[in-house]
Amino acid sequence: MFENLSLRLEKAIKTLKGQGRITEINVAETVKEIRRALLDADVSFKIAKEFTSGIKDKAIGQNVLTSISPGQLMTKIVNDEMVELLGGSKTDINLKGSPAVILIAGLQGSGKTTFTGKLAHHLKSKGRSPYIIACDVYRPAAIEQIKVLGQLVGVPVYFEDNNKDPKQIAANGIKQAKILSHDIVIIDTAGRLSIDEEMMTEIADIKKTVNPSETLFVVDSMTGQDAVNTAKAFNDRLDFDGVVLTKLDGDTRGGAALSIKSVVNKPIKFVSMGEKPEALDIFYPDRMASRILGMGDIVSLVEKAQLTYDAEEAERLDKRLRKNEFNFEDFLKQINQIKKMGNLKDLMGMIPGVGKAMKDIDISDDSFKHIEAMIHSMTPRERQNPEIIDGNRKKRIAAGSGNTIIEVNKLMKQYEDMRKMIKSMNKMRPLR
Ligand SMILES: Nc1nc2c(ncn2[C@@H]2O[C@H](COP(=O)(O)OP(=O)(O)O)[C@@H](O)[C@H]2O)c(=O)[nH]1
Ligand SMILES: [Mg+2]
C-alpha cells in the first residue's frame, strides 16, 4: 500500500542523515522532497503545503538528543503530522438505537454493497445481530448481489422485488428488523456513476426517512482527488458521519486517504482491502501513518529515547566530547543511559556518536556486564585518567572483575578507538 509514497518519504528524510542537527538550511531540502512526494501521491497542493510547513515549524528549534539522529527525529515529526492529517485517533461508529440504523452512501462501483457485506460480517463476529436492507432498486443484479453476500456471511437480507421507492423499502425493512429482533440494520443504497441531483435527493430523502445513527460514505481510494471532491459533494448534502475507503489493496497512491479528513472534517472509520468479507479493517490513523512511513520502530524508539534520555546528562557529555574529554566515567554513564532505553540490540545501530563506535563490538546485555565490572574495578583516578592504566593496574582490574588481562586489553582498545572516533567526529562538526 502506498509503496511509492513510502519510498519517497523515506528518501526525503534520509537527506538529513549524517547531519549533526536540524537547521533551517538542511531541513529545507527534506521538506521540499516531502512536499513533492505528497503531490505525486495526489495530495492537493494546499494540503501538501500546510503539511510541510507544519513539519518545518516543528523540526526547527527541536533539540536533537544525542541518542537519536536528526533523521530519526524527523521521522517522528513527520509521523506525528501524518497521524493528525489522517484524523488523530480512531473513531467508532455510532450504534445507538434499536435497531441502530447504518446508512451506506456513495457512487456506483465504489464498493458499497461489498462493504455492506463486510460490515455485516464484522458486526456479527462481534456478537451483534445485523440485518441488511437492499435499497438499490435500479439494477436487478444489485439485489441478487447483496442476497449472495448476505448468505455468504450468514446475515438475512430484506428486499422488495416490485417496489421502486427506496424510502419505503428502507422503512419497511426497519419494521421487519424490529419484528425479527435485529439490533442493527445496514441499508445498502444505489449510486450513480457521477454525482447528480436525482441521486443526491434520493439518498437525502432516505436519510430523512430512516434517521440513521450512522451514515457512512464509501469511496474508492483509487480515484485520488476525485474521491476527495465526491466526498465534499456528498458531505454538503448528507452531512455523513464517517468515510469508508475501499480498494486500498489496489495500486492506489494515497492521495485520497491523506486528504479526505482535512477536506470534509469527517473521520475515516473503515478501510477495505479486498473483495472477501474479511477484508475490512477498522481505521487507525497512527497505524496507517507508521505503515506509510514504514518506520514504526524508529518512531517508538524516538519516543522512548525522549522519555528516558537524561537531557542534562547528554548535554554535559556532549560538552565533554567536544573538548575531546572522554574517560571511563563517561563510558559508564553512557552505558547506563543506553541500558535505560531498553532492548540494546535494536538500539545500538541507531545511536550516533559513542553508540556508533560500540556498534561493531558485540553488544549484548552480558557484554555490558563485563565492561561495567571492569570499569567498576578501576579506581576513580584510573577512570578519570585512563592513560595511567599500566600493566600492573590491568592485572589488578582483571582480577578484581573476574576477567583476564586479554579482556582488559580489549576494553582499553575499545576505549582508545572511541576516543579516536570522538576526535574525528569533533573535527567534522562545528563548534558551539
Ligand atoms: N480489490 C477490491 N475490490 C473491491 C473492494 N471493494 C469492492 N470491490 C469491487 O469493486 C466492485 C464494485 O463493488 P460494489 O460493492 O458492487 O460497489 P457498489 O456499486 O458501490 O455497490 C466489485 O467488483 C467489488 O468486488 C476492495 O476493497 N478491494
Ligand atoms: Mg451496490
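**Salt bridges and a helix crossing**

Lys-32 is partly exposed, with a relative accessible area of 45%, where partly exposed lies between buried (under 20%) and exposed (over 50%), found with a 1.4 Å probe and protein chains only. Its side chain meets that of Glu-29 in a salt bridge at 3.8 Å, N to O, a term for a side-chain nitrogen of Lys or Arg within 4 Å of a carboxyl oxygen of Asp or Glu. Both residues lie in helix α2 (residues 24–40), three residues apart, about one turn of the helix.

This is a predicted model, in which local features need pLDDT of at least 70 and side-chain atom pairs count only at pLDDT 80 or more, while totals for chains, interfaces and linings use all residues. Residues are numbered from 1 along each chain as its sequence is written, and side-chain values use heavy atoms, leaving out hydrogens and water.

By the salt-bridge rule the count comes to 24. One of them joins the side chains of Glu-214 and Lys-269 at 2.8 Å, N to O. Glu-214 lies in strand β5 (residues 214–220) and Lys-269 in strand β7 (residues 268–272), so the pair ties together parts that are 55 residues apart in sequence; helices (H or I, at least four residues) and strands (E, at least two) are DSSP runs, numbered from the N terminus. Both Glu-214 and Lys-269 are buried.

Asp-330 and Arg-320 also meet through their side chains in a salt bridge, at 3.0 Å, N to O. Asp-330 belongs to helix α14 (residues 328–340) and Arg-320 to helix α13 (residues 311–322), so this pair ties together parts that are ten residues apart in sequence.

Definitions and conventions. Chains are lettered from A and ligands numbered from 1 in the order in which they are written.
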